[in-house]
Amino acid sequence: MKPKAIFNWSSGKDSALALYKVLQEDRFEVTSLLTSINKEFQRISMHGVHVSLLEKQAESLGLSLTKLELPADPSMEEYRNLMLQTLNNFKDLGITHSVFGDIFLEDLRKYREDQLQSVSMQGIFPLWKINTADLIHEFLDLGFKTIVTCVNETFLDRSFAGRIIDENFIRDLPENVDPCGENGEFHTFTFAGPIFKNPISFEMGEVVKKTYPKPGSADNEENGDYVFWFCDLIAK
């Protein structure tokens, strides 16, 4: 009998490729997707994708979906407690592993593994330490399709929000931007590919600017804000 695993699903390209690899290897029984969402706005944290599109992804993937609903601005302690409660619920169902799409952020992996260790679960990282230029080309070669839903203006301007990732997109990226956006430069929504039964239908909405204060900056200091551009996607 294969060990049971949950998959930490962001809705984006790294999650899609990691899930593809896990399903191909067939070492684990993936029982559910787990996604953190903003409870107030019903959108995926950081990606800005509405829950209605997330639910369509889960349906097309043929997997159940567990939504971890978070307050608008949770503290690390609040997040940790909610996550541990969710993990304990999975553990009671016989889940022993948790899969992530992380690639090279060592501190993030350690944080995840420490959380899992506290409930006697193990982390699986199918994309770990693979060259990100190779990963994005593998993703496209497999036939996946993904759209940029959020960009960090520190790295990319507004024009990148709402673009489909293809070879032209990769060529247009500045040299300091990771081709998979692993440093938080951009986030995506994957709407088609070999793991989906059907493509996810959506329409592009408006592109909106949102600012978030940096830790320790005064509220009236615009230069102290993080600036993000979000492209809204509307389920059809």
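Are Phe189 and Phe202 buried or exposed? Both are buried, where buried means under 20% relative accessible area, exposed over 50% and partly exposed in between, with a 1.4 Å probe and protein chains only.

Before going on, some ground rules. This is a predicted model, with residues numbered from 1 along each chain as its sequence is written; local features need pLDDT of at least 70, side-chain atom pairs count only at pLDDT 80 or more, and totals for chains, interfaces and linings use all residues. Side-chain values use heavy atoms, leaving out hydrogens and water.

**Stop 1: the phenylalanine pair**

Keep Phe189 and Phe202 selected. Their rings form an edge-to-face aromatic pair, 6.0 Å centre to centre with 90° between the planes. Rings of Phe, Tyr and Trp (its six-membered ring) pair if their centres lie within 6.5 Å; planes under 30 degrees apart count as stacked, over 60 as edge-to-face and the rest as tilted. Phe189 lies in strand β8 and Phe202 in strand β9, so the pair ties together parts that are 13 residues apart in sequence. Helices (H or I, at least four residues) and strands (E, at least two) are DSSP runs, numbered from the N terminus.

**Stop 2: the antiparallel sheet**

Now show the strands around that pair. Four of them form an open sheet in the order β8-β7-β10-β9, with antiparallel pairing. Two strands pair if DSSP finds at least two bridges between them. β8 (186-192) and β9 (202-213) stand at the edges with a single partner strand each, so one side of each has no neighbour in the sheet. From one strand to the next, the twist averages 25°.

Select β7 (residues 145-152) and β10 (residues 225-235). Three bridges pair them in the antiparallel sense. Look for Cys150, which stands opposite Phe230 in β10.

Contact means heavy atoms within 4.5 Å. Axes are lines fitted to C-alpha atoms, for helices over the stretch in contact, and angles run from 0 to 180 degrees between N-to-C directions. Colour the buried residues of α2: Val51, Leu53, Leu54, Gln57, Ala58, Ser60 and Leu61. Just after the helix, Gly62 takes a positive phi of about 75°.

**Stop 3**

Pick Gly205 in strand β9. At 26% relative accessibility, Gly205 counts as partly exposed. Not counting residues up to four places away in sequence, Gly205 touches Cys231, Asp232 and Ile234.

Then select Lys210 and Phe230. The charged end of Lys210 sits over the ring of Phe230, 5.5 Å from its centre. A charge sits over a ring if NZ of Lys or CZ of Arg is within 6 Å of the ring centre and within 35 degrees of the ring normal. For another such case, go to Arg109, which lies over the face of Trp128 at 4.8 Å from the ring centre.

**Stop 3**

How many aromatic pairs does a search of the whole structure find? The search finds 11. One of them is Tyr20 with Phe144: edge-to-face, 6.1 Å centre to centre, 90° between the planes. Tyr20 lies in helix α1 (residues 13-25) and Phe144 in the loop between α5 (132-141) and β7, so the pair ties together parts that are 124 residues apart in sequence. Tyr20 and Phe144 are both buried.

**Stop 4: the parallel strands**

Select β1 (residues 4-8), where four of the five residues are buried. Five bridges join β1 to strand β2 (residues 29-38), and the two run parallel. Asn8 stands opposite Leu34 in β2. The chain crosses from β1 through α1 to β2 in a right-handed β-α-β crossover. Right-handed means that, with the strands pointing away from the viewer, the path from the first strand over the helix to the second runs clockwise.

On to β5, which runs parallel to β1 and is joined to it by four bridges. Ile6 has Ser98 in β5 as its bridge partner.

Finish on Val99, in strand β5 (residues 95-99). Val99 counts as buried, at 0% relative accessibility. Which residues is Val99 in contact with, leaving aside neighbours within four places in sequence? They are Ala5, Ile6, Phe7, Asn8, Val22, Ile124 and Pro126.
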